[in-house]
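Subject: Structure handover

Hello,

Here is the structure I promised to pass on. Please open it first, then read the notes below.

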Amino acid sequence: MDLSKYHQKRDFNTTTEPKGEINKSKKELIFVVQKHAASQLHYDFRLEMDGVLKSWAIPKGPSMNPEEKRLAIMVEDHPYTYKDFEGTIPEGNYGAGNVMVWDNGTYTLADQEKTESVEAQFKSGLQNGHLSFILDGKKLKGEFALVKLKIKQKDAWLLIKKEDEHASETDVLLKNKSVISGLTLEAMAK
Ligand code: MN
């Protein structure tokens, strides 16, 4: 859990992104999903843990359909304050393009062991390549899992919706407005 890679990749004289620092929610842990029109459109899925946002880039975006497993590439930890970042990362910067907050909310770990802290369980989940959690967002709800693929590429995971009352075959990405500004990414770009 550290921000050195995040800081290495960015020049804070030219990017509009927050420099950020280790910070925490007072009560519940938060998650955020950002829609990011970089050279390739993708969605950035972030879970707060230990003062940073653990982050995965999902090329096809999340799905509420348990049969649609979505590739999620683990990327560098982002600062906690990144949760509110919307705007344009100027040309020439890492990840140049428009970013909006597609969804946000709180999460809890599924099957939280009473004997173990949330932090300890999260960390062992990261190490074992299996995290199960329940999202309470505006668009994403219910139980999901992130499962690490056992392939050469070490940062490849799958985001999978679990079967529950929130599972659906309706394409959740059709809800395409920012939960902060109420605008689509296209409208924001103008
Ligand atoms: Mn991104």
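How many aromatic pairs does the structure hold? It holds eight. Rings of Phe, Tyr and Trp (its six-membered ring) pair if their centres lie within 6.5 Å; planes under 30 degrees apart count as stacked, over 60 as edge-to-face and the rest as tilted.

Before the details, some ground rules. This is a predicted model: local features need pLDDT of at least 70, side-chain atom pairs count only at pLDDT 80 or more, and totals for chains, interfaces and linings use all residues. Residues are numbered from 1 along each chain as its sequence is written, and side-chain values use heavy atoms, with hydrogens and water left out.

**Aromatic pairs**

Take Trp56 and Trp157. Their ring centres are 5.7 Å apart and their planes meet at 80 degrees, so this pair is edge-to-face. Trp56 belongs to strand β3 (residues 52–58) and Trp157 to strand β9 (residues 156–161), so the pair ties together parts 101 residues apart in sequence. Strands here are DSSP runs (E, at least two residues), numbered from the N terminus. Trp56 has 0% relative accessibility, so it counts as buried. Trp157 is buried too, at 2%. Buried means under 20% relative accessible area (1.4 Å probe, protein chains only).

Tyr107 and Phe133 also pair edge-to-face, 6.4 Å centre to centre with 75 degrees between the planes. Tyr107 lies in strand β6 (residues 97–109) and Phe133 in strand β7 (residues 130–137), so parts 26 residues apart in sequence are tied together. Both residues are buried.

Tyr6, Phe12, Tyr82 and Phe85 form one aromatic cluster.

**Arg70**

Arg70 lies in strand β4 (residues 70–79). Is Arg70 buried or exposed? At 14% relative accessibility, it counts as buried. Leaving out residues up to four places away in sequence, Arg70 touches several residues, including Lys60, Trp157 and Leu173. Contact means heavy atoms within 4.5 Å. A polar atom of the Arg70 side chain lies 3.1 Å from the backbone oxygen of Lys60.

**Manganese site**

Which residues coordinate the manganese ion? They are His36 (ND1), His42 (NE2) and Asp44 (OD), at 2.1 to 2.3 Å. Donors are N, O and S atoms within 2.8 Å of the metal (3.2 Å for Na, K and Ca); water is not among the atoms, so sites may look incomplete. Along the chain, the donors follow the spacing H-x5-H-x1-D. His42 and Asp44 are both buried.

Best wishes

Key. Helix = DSSP H or I, 4+ residues; strand = E, 2+ residues; numbered from the N terminus. Buried < 20%, exposed > 50% of the residue type's maximum accessible area, 1.4 Å probe, protein only. Polar contact = N/O pair within 3.5 Å; in protein donor to acceptor, adjacent residues only side chain to side chain.
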